[in-house]
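Trainee: I have a model open and want to talk it through. Can we take it piece by piece?

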Amino acid sequence: MKKIEAVIKPFKLDDVREALSEIDVTGMTVTEVKGFGRQKGHTELYRGAEYVVDFLPKVKIEMIVMEDRVDACIEAIINSARTGKIGDGKIFVSSVEKTVRIRTGEQDSEAL
């Protein structure tokens, strides 16, 4: 099993969710986060005063999938989240050693 974490622009969340639904990804966790990479934030003007926004709003999507589904998930996220501009986001993939469904006690692939 693998954990896929994708940090994307907030307005792309619905597109990504729909793309993942089309390939039968049924569960995910979504968190509103703030951060920056190469984008490095930006300057805004508020009531005549300039201020720097260091951390930009992003959305983090997390899901656990079987190894044979990882490439399809990554492709769906890339195709639906890409704008071609800086700040489109990142995808991280890591191994998951164990999964347990709390309600039933099912483990690993049965718990997904």
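This is a predicted model: local features need pLDDT of at least 70, side-chain atom pairs count only at pLDDT 80 or more; totals for chains, interfaces and linings use all residues.

Trainee: Sheet first. What is the strand order?

Mentor: The order is β2-β5-β1-β6, in an open sheet of four strands with antiparallel pairing.

Trainee: Which strands stand at the edges?

Mentor: β2 (29-35) and β6 do. Each has a single partner strand, so one side of each is left without a neighbour in the sheet.

Trainee: And the twist, how many degrees on average?

Mentor: From one strand to the next, the average is 20°.

Trainee: How many bridges join β1 to β6?

Mentor: Seven, and the two strands run antiparallel. As one example, Glu-5 has Phe-92 in β6 as its bridge partner.

Trainee: Where do the helices go?

Mentor: Both pack on the sheet. α1 touches β1, β2 and β5, and its direction makes about 10° with that of β5. α2 touches β1, β5 and β6, with its direction at about 5° to that of β1.

Trainee: Stay on α1. Which of its residues are buried?

Mentor: Val-16, Ala-19 and Leu-20. Seen down the helix axis, the buried residues of α1 fall within an arc of 95°, so they line one face of the helix.

Trainee: Why would residues at that kind of spacing point the same way?

Mentor: An α-helix has 3.6 residues a turn, so residues three or four places apart point the same way.

Trainee: What covers the buried residues of α1?

Mentor: The cover includes β1, β5 and α2.

Trainee: Now the core. Which residues touch the most other members?

Mentor: The largest nonpolar core has 16 residues, and the ones touching the most other members are Ile-4, Ile-8, Val-16, Leu-20, Met-63, Cys-73 and Ile-77. At least two core residues come from each of β1, α1 (13-22), β5 (56-65) and α2 (70-81).

Trainee: Which element gives the most?

Mentor: α2, with five residues.

Trainee: Back to Leu-20. What does Leu-20 touch?

Mentor: Leaving out residues up to four places away in sequence, Leu-20 touches Val-25, Met-28, Met-63, Cys-73, Ala-76 and Ile-77.

Trainee: Change of topic. How many salt bridges are there?

Mentor: Five. One of them joins the side chains of Glu-5 and Lys-60, at 3.5 Å from N to O. Glu-5 is in strand β1 and Lys-60 in strand β5, so the pair ties together parts that are 55 residues apart in sequence.

Trainee: Are those two buried or exposed?

Mentor: Glu-5 counts as buried, because its relative accessibility is 17% and the cut-off for buried is under 20%. Lys-60 is at 23%, which makes it partly exposed.

Trainee: And what does Lys-9 pair with?

Mentor: Lys-9 forms a salt bridge with Asp-88, with the closest N and O atoms 3.7 Å apart. Lys-9 lies in the loop between β1 and α1, and Asp-88 in the loop between α2 and β6, so this pair ties together parts that are 79 residues apart in sequence. Lys-9 is buried, with a relative accessible area of 13%, and Asp-88 is buried too, with 17%.

Trainee: What about Lys-12?

Mentor: Its salt bridge partner is Asp-15, the closest N and O atoms being 3.6 Å apart. Lys-12 is buried, at 13% relative accessible area, whereas Asp-15 is partly exposed, at 35%.

Trainee: Last topic, the chain ends. Where is Met-1, and is it buried or exposed?

Mentor: Met-1 lies in the segment before β1 (2-8). Met-1 is buried, with a relative accessible area of 15%. The C-alpha atoms of Met-1 and Lys-98 are separated by 8.1 Å, with the two residues 97 apart along the chain.

Trainee: And Thr-99, what is it in contact with?

Mentor: Apart from its neighbours within four places in sequence, Thr-99 is in contact with Met-1, Ile-64, Glu-106, Gln-107, Asp-108, Ala-111 and Leu-112. Thr-99 is found in the segment after β6 (89-95), and counts as buried at 15% relative accessibility.

Conventions: Residues are numbered from 1 along each chain as its sequence is written. Side-chain values use heavy atoms; hydrogens and water are left out. Buried means under 20% relative accessible area, exposed over 50%, partly exposed in between (1.4 Å probe, protein chains only). A nonpolar core is a set of buried Ala, Val, Leu, Ile, Met, Phe, Trp, Tyr and Cys residues joined through side-chain atoms within 4.5 Å. Contact means heavy atoms within 4.5 Å. A salt bridge is a side-chain nitrogen of Lys or Arg within 4 Å of a carboxyl oxygen of Asp or Glu. The arc is that of the directions from the helix axis to the C-beta atoms. Two strands pair if DSSP finds at least two bridges between them. Axes are lines fitted to C-alpha atoms, for helices over the stretch in contact, and angles run from 0 to 180 degrees between N-to-C directions.
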